[in-house]
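I opened a new notebook page for this one. My plan is to go from the whole chain down to a couple of side chains.

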Amino acid sequence: MDIEQLVGKLREMYYGADRGEEVAMIHLFGIKYAQELGRIPSTLIAREAQLRESTSYHTEISKGRKLAKFVDVKPEYMD
């Protein structure tokens, strides 16, 4: 998956989230796509996605990446 596709997935998850669950969706994005993100900086992904408050959301992507080795995504949240 290339950067544009990842950015699209992040925007889709963030803007499609229920009210109050936007940050959880950013964490879920980091978990789901940890391998695809590889060495792509979280700051780049957050900036390109043009999320509200994107200056701090790169940290939330990084948190999801770190959680990826400890959690499994429920089937209803898989693509």
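**Entry 1: confidence.** I am working with a predicted model. I looked up the mean pLDDT of the protein chain and got 91, with 96% of the residues at 70 or more. Helix α2 (residues 22–32) has the highest confidence, at a mean of 96. Helix α5 (residues 54–67) has the lowest, at 89.

**Entry 2: overall build.** I counted five helices and zero strands in the protein chain, which reads α-α-α-α-α along the sequence. The radius of gyration is 11 Å, close to the 12 Å from the globule rule for 79 residues, so the chain is as compact as a globular protein of that length. For the box around the C-alpha atoms I noted roughly 30 × 30 × 20 Å along the principal axes. I also checked contacts with a separation of 6 or more, and 69% of them join residues 24 or more positions apart.

**Entry 3: surface and charge.** The accessible surface comes to about 5300 Å², and carbon and sulfur atoms hold 49% of it. Of the 79 residues, 34% count as buried. I found 12 positive and 13 negative side chains, and the centres of the two sets lie 6 Å apart.

**Entry 4: helix α2.** How many residues of α2 are buried? I got eight of eleven, so I wrote the helix down as mostly covered, with buried meaning under 20% relative accessible area. Among them are Met 25, Ile 26, Leu 28, Phe 29 and Ile 31, and the list also includes Glu 22 and Lys 32.

**Entry 5: Lys 32.** I picked Lys 32 from helix α2. Is Lys 32 buried or exposed? Its relative accessible area is 16%, and buried means under 20%, so Lys 32 is buried. Leaving out neighbours within four places in sequence, I listed its contacts as Met 13, Val 73, Tyr 77, Met 78 and Asp 79.

**Entry 6: Glu 60.** My last stop was Glu 60, which sits in helix α5. I read 13% relative accessibility for Glu 60, so it counts as buried under the 20% cut-off. What does Glu 60 touch, if residues up to four places away in sequence are not counted? I found Val 23, Ile 26 and His 27. I also took the C-alpha to C-alpha distance from Glu 60 to Phe 29, which is 9.4 Å in space for residues 31 apart in sequence.

Notes:
Residues are numbered from 1 along each chain as its sequence is written. This is a predicted model: local features need pLDDT of at least 70, side-chain atom pairs count only at pLDDT 80 or more; totals for chains, interfaces and linings use all residues. Side-chain values use heavy atoms; hydrogens and water are left out. pLDDT is the predictor's confidence in each residue, from 0 to 100. Helices (H or I, at least four residues) and strands (E, at least two) are DSSP runs, numbered from the N terminus. Buried means under 20% relative accessible area, exposed over 50%, partly exposed in between (1.4 Å probe, protein chains only). The radius of gyration is taken over C-alpha atoms; the globule rule is 2.2 Å times the number of residues to the power 0.38. Contact means heavy atoms within 4.5 Å. Accessible areas come from the Shrake-Rupley method with a 1.4 Å probe; for residues, only the protein chains shown count as cover. Lys and Arg count as positive and Asp and Glu as negative; His and the chain ends are not counted. The place of a charge is taken as NZ of Lys, CZ of Arg, CG of Asp or CD of Glu.
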